[in-house]
Amino acid sequence: MELDYIEHISPILKDGVKNYLIDIDGTITDDVPNEEPERMVTCEPYPDALETVNKWYDEGHQICFFTSRTENLKQITIDWLDKHGFKYHSVLCGKPRGGNYHWIDNHLVRATRYKGKFTDLVEKQVTIEVFKD
């Protein structure tokens, strides 16, 4: 991963490179709860998700699957991703369950809610919540 380093602050990705944090269940495959790990082995990827994620990887973006699956399900998850041909850099387990995420960070964060189809991203003006100046 190519990073720009500036003295005494966190490194940042080179211009044009995105750090994609992508959910798994209900986003790139069926929504399978942790309580049903046997389904994690047999579910199929959404074809548009596989194609789009791999395209982003090939374009040089960072792909991290960030899932609510627990650490004990990590190897099942990695095996499934590999079996279906997903290209990625890392898998993070333990994302809080329940949704309604509000991410606070010192780096720019953009969020895109998955609504049934992976496509190239487009720009759109929306209202967001921010800290008061």
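Predicted model: local features only at pLDDT ≥ 70, side-chain atom pairs only at ≥ 80, totals over all residues.
**Surface.** Of the 133 residues, 29% count as buried.

**Overall layout.** Next I looked up the extent of the C-alpha trace, which spans about 45 × 30 × 30 Å along its principal axes. I found three helices and five strands. Following the chain along the sequence, I wrote down the pattern β-β-β-α-α-β-α-β. I then turned to contacts with a separation of 6 or more: 67% of them join residues 24 or more positions apart.

**Inside.** Which residues touch the most other members of the largest nonpolar core? My list reads Ile22, Ile28, Ile63, Phe65, Leu81 and Phe86, and the core has 20 residues. Strand E3 (19-22), helix H2 (47-58), strand E4 (62-66) and helix H3 (74-83) each supply at least two residues of this core. H2 gives the most, with three residues. It is a friendly reminder that nonpolar side chains tend to be buried together in soluble globular proteins.

**A closer look at Leu81.** Leaving aside residues up to four places away in sequence, I saw that Leu81 touches Ile28, Phe65, Phe86, Tyr88 and Val91.

Where is Trp103 found? I located Trp103 in the segment after strand E5 (90-92). Is Trp103 buried, exposed or partly exposed? Trp103 has a relative accessible area of 49%, so I noted this residue as partly exposed, since exposed means over 50%.

Note on methods. Residues numbered from 1 in each chain as written. Heavy atoms only, no water. Core = buried A, V, L, I, M, F, W, Y, C linked by side-chain atoms within 4.5 Å. Buried < 20%, exposed > 50% of the residue type's maximum accessible area, 1.4 Å probe, protein only. Helix = DSSP H or I, 4+ residues; strand = E, 2+ residues; numbered from the N terminus. Contact = heavy atoms within 4.5 Å.
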